[in-house]
Each structure stands twice: as structure tokens, then as C-alpha cells.
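These are my notebook entries on one predicted model. I set out what I looked up, entry by entry.

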Amino acid sequence: METTATILHADLDAFYASVEQLLDPSLRGKPIAVGGGVVLAASYEAKSLGVRGGMPGRQARELCPQLTFVSGHFKDYQRLGDAAIKVVNDFTPLVERVSIDEAFADVMGCTHLFGPPAEIARAIRHRVRAELGLPISVGVARTKHLAKIASQVAKPDGLVVVDPDTELEFLHHLPVELMWGVGPVTKKRLAEIGVLTIGQLAKTPSLERLLGPAAGQKLAALAWNRDPREIKIHRRAGSIGAQSAIGRKPAEERVFHPALLYLADRIGTRLRAKSRAGRTVTVRVRFANLDSATRSVTLDAPISATVILAEIAEQLVRAVLADHPDEKTISLLAISVSHLEEHWDIQLELPLGLKDEARRPGTKNGMARWAADCAVDRIRDRFGWDAIGYASVALGISRSVPDEFRKLAEKDL
């Protein structure tokens, strides 16, 4: 691991809202939100009043009556996000883009050209502001994890450089929710045992028992800034997923069936477009109190057929609900597929009358479902996504989050 701080994490501030304020100067300095039924993103002026991404629009208006909603300019988000990452690329080829509006960069090999890492970070911030009109925060540190935390501390529109000699002093007084892997549920569990800061977490001996072996070991290492990950220029996703915030809806089939089929449709389409399939299907169900539960299954053969994926996901969701009989309301559903395979061979299967025969990709029914999906893919390639789809999706799910916005967050396979 390097002993000097040469890893940068550059993160555009309140990106979607900042773009809207750039395109319409009359919105600058005002609380705005991208979206409508659901807040997709909020400006810092709105965030200061409690408005957050994923919040129902009605709740956001109650918190901030003067809030202005805008529908979103998705092509401009992509254009400006690409342009900001290109600025970083002008300083070093070692850039790992992790989303539309953020990237890691290793500048060790270019300091003789552009100066120390802190000077490079300042130059990046100046150029993004001058050329694109957007604010960007940058963290500089010895590891990726600490650089990302530094950029969050730098917000809005700032720069934080963490000296390797004082990195634990910097890290340990910060709240645990700044760490990778600490979401609302984990934060709540840690708070129950009095762990509020990263320093307290670092000194907690029972993390594996509380959070599980994998999560406990990972967080313990990161709390001591042990993060050996390097910048990956060409990174292929090891999994693919999609989620849908559905508001507060009853945990009933009429709600989760169309939502799961819609998510499976998005995932299956992307898998087939890249000639990939996956063996492990995982679902996550978030309840009204923000607690979540997950279930997964690993299959004998990889799948990419939409309906097969949807049926397996629905079976897992039913298992979650059966294990939580007191939970009557759900607020989010998510599906992910992992253990991806490339150029796989479908093993044909005889019709043996198995209970799950329709869900096995090598059976007659499984092959027919895959062929139907391929036909749908060809029609969409020619006439657009909305030209054809599954009827239960069209009739049963509200598009509170536009598909264009979902696509911006999707990782390349």
C-alpha cells in the first residue's frame, strides 16, 4: 500500500440539481428537487430543510413549501457528467469511474507534470467550475476508502487532503454513516450498542457477531484505513441489479408482482444485451420502518430470461414476507443477479415433469421464454423500449422514477 496520498475521489455536488440550476439561472440559490412523485435529487438549499433523494414528493413539499420541482434533463446529465470525468482524465489515465458523477484517480505517475496531488485536485476543481459551471468536491488520501470519505467531508464545493501521518486522527472522529457499507439499518444496529463514530467502531470487538463475518471484517479493516484496493481502469460489474421505491404500499401480490416483473425486465434485457447470465438471484425488501430483509438462491444453471428471473424473485419475496408476518407495508423492492457468466452453454433438459421445469433454462418452456425475450429485445432495439412489454408491468406499476434516470445509475456489464 502506498505511503503517500495520491488517490483522488472527485464527486460533483448535488449533481442533478446543480445541472438544473446551471441550465436555468432563475433556480440558483433556491430549493429545488428533480422528480415529482418521488424526489430523485435535491439541491443543497432543499437538503438543508430536510429534503432527501427517495423521499415522496408530498413529504418533501410539507418540509419545504417553497420547493420547486423540475422534470429533469437526462441528456444534459450524461453530457456534463462525461465532460467532468474527461477533465480528470486529462491529468491521469488511471481513472476509475464509479457513477455518472464521481470517479477515483491515481495521480502518482503525473506529479512531475502537474505538481503535487493537492495542486492537481485544485486544478481539476478550477477547470470543472470554469469550463462546465458546476461545483465539484475532491478528497485526496492514501486509500480509496479514505479519499471518498474526504470528498464527503469536503462538500459542498471543497477540497480535503488527508495527511498520511494524521489519517486515523481525521477518520476516527467522523460519523459511521460516512463509511462504505453503513446504511440506515447498519447505522441503527451500531447505534444500539453505542457506536456512533468510526473510532468507536474501530475499537468494537463484536462486529462480526453483530453484522456477520463478512461485513464485520470489512468494516473493521476500513475503520483502521486498511484498504488495499487499487484503481481499476477497465472494470466489469460482477453483478447487476435494479430497485424500485414504491412508496408505502401493502405487502400484497398486486403490488409486488408487477414491480418485480418490471425490475426483472430491466435486468434481463441488460444481461442478454451483453450475452451474460447469472446463477445467484437476490431480493431485498424494505419495509415501512426502513428495516430491510434479503433472500437469495443459487441456481444450477445461469439465467437471463425475464419471466424466469421474475418468478424466482417473487418466490424469494414471498419467503421474506412469510418470515416477517407483522410487516404489512413495503416501501422498496430490489433484485440483483450475481455469479455472472459469459458465453455460457445452455444444457438441454428432458421433459421430466419437474415442479420448476418452466424456470429451468434448458427445458422446452425455458427455451421458449428465452426466445420470446430475444424477440422483444429486437423490437425494442428497432422501435424503442416502450414499443413492447409485459402487460402486467404496464398495468400495475407507477413510473414515479423515469427510466432515463434509472439508466444513468446502471453500471456497464
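Entry 1, terms and source. I take contact to mean heavy atoms within 4.5 Å. Helices (H or I, at least four residues) and strands (E, at least two) are DSSP runs, numbered from the N terminus. The model is predicted, so I note that local features need pLDDT of at least 70 and side-chain atom pairs count only at pLDDT 80 or more, whereas totals for chains, interfaces and linings use all residues. Residues are numbered from 1 along each chain as its sequence is written, and side-chain values use heavy atoms, with hydrogens and water left out.

Entry 2, helices H14 and H15. I looked up which residues of H14 meet H15. Thr306, Val307, Ile308 and Glu311 in H14 are in contact with Gly366, Arg369 and Asp373 in H15. By class, I find 2 nonpolar, 2 polar and 3 charged residues in this contact; Ala, Val, Leu, Ile, Met, Phe, Trp, Tyr, Cys and Pro count as nonpolar, Asp, Glu, Lys and Arg as charged, and the others, Gly among them, as polar. The axes of H14 (residues 306-323) and H15 (residues 364-383) come within 8 Å and cross at roughly 115°. Axes here are lines fitted to C-alpha atoms, for helices over the stretch in contact, and angles run from 0 to 180 degrees between N-to-C directions.

I find that the axes of H4 (residues 74-89) and H6 (residues 117-132) come within 10 Å, crossing at roughly 145°. On the H4 side I list Leu80, Ala83, Ala84, Val87 and Val88, which meet Ile124, Arg127, Val128, Glu131 and Leu132 in H6. This contact has 8 nonpolar, no polar and 2 charged residues.

In what order do the 3 strands of the open sheet lie? I read the order as E3-E2-E4, with mixed pairing. Strand E3 (39-42) and strand E4 (68-70) are the edge strands, each pairing on one side only. The twist averages 35° from one strand to the next. Two strands pair if DSSP finds at least two bridges between them. E2 (residues 32-35) is parallel to E4 over 3 bridges, and E2 is antiparallel to E3, also over 3 bridges. I followed Ala33 to both neighbours: Ala33 stands opposite Phe69 in E4, and its bridge partner in E3 is Ala42. A hairpin through 3 residues joins E2 to E3. Helix H1 (residues 15-23) lies across E2, E3 and E4 and runs at about 110° to E2.

E5 (residues 95-99) and E6 (residues 102-106) pair in the antiparallel sense over 4 bridges. They form a hairpin with 2 residues between them. Arg97 has Ala103 in E6 as its bridge partner.

Is Arg142 buried or exposed? Arg142 counts as buried because its relative accessibility is 16%, the limits being under 20% relative accessible area for buried, over 50% for exposed and partly exposed in between (1.4 Å probe, protein chains only). I place Arg142 in the loop between strand E7 (136-141) and helix H7 (144-154).

I record 17 helices and 12 strands. Buried residues make up 47% of the 413 residues.
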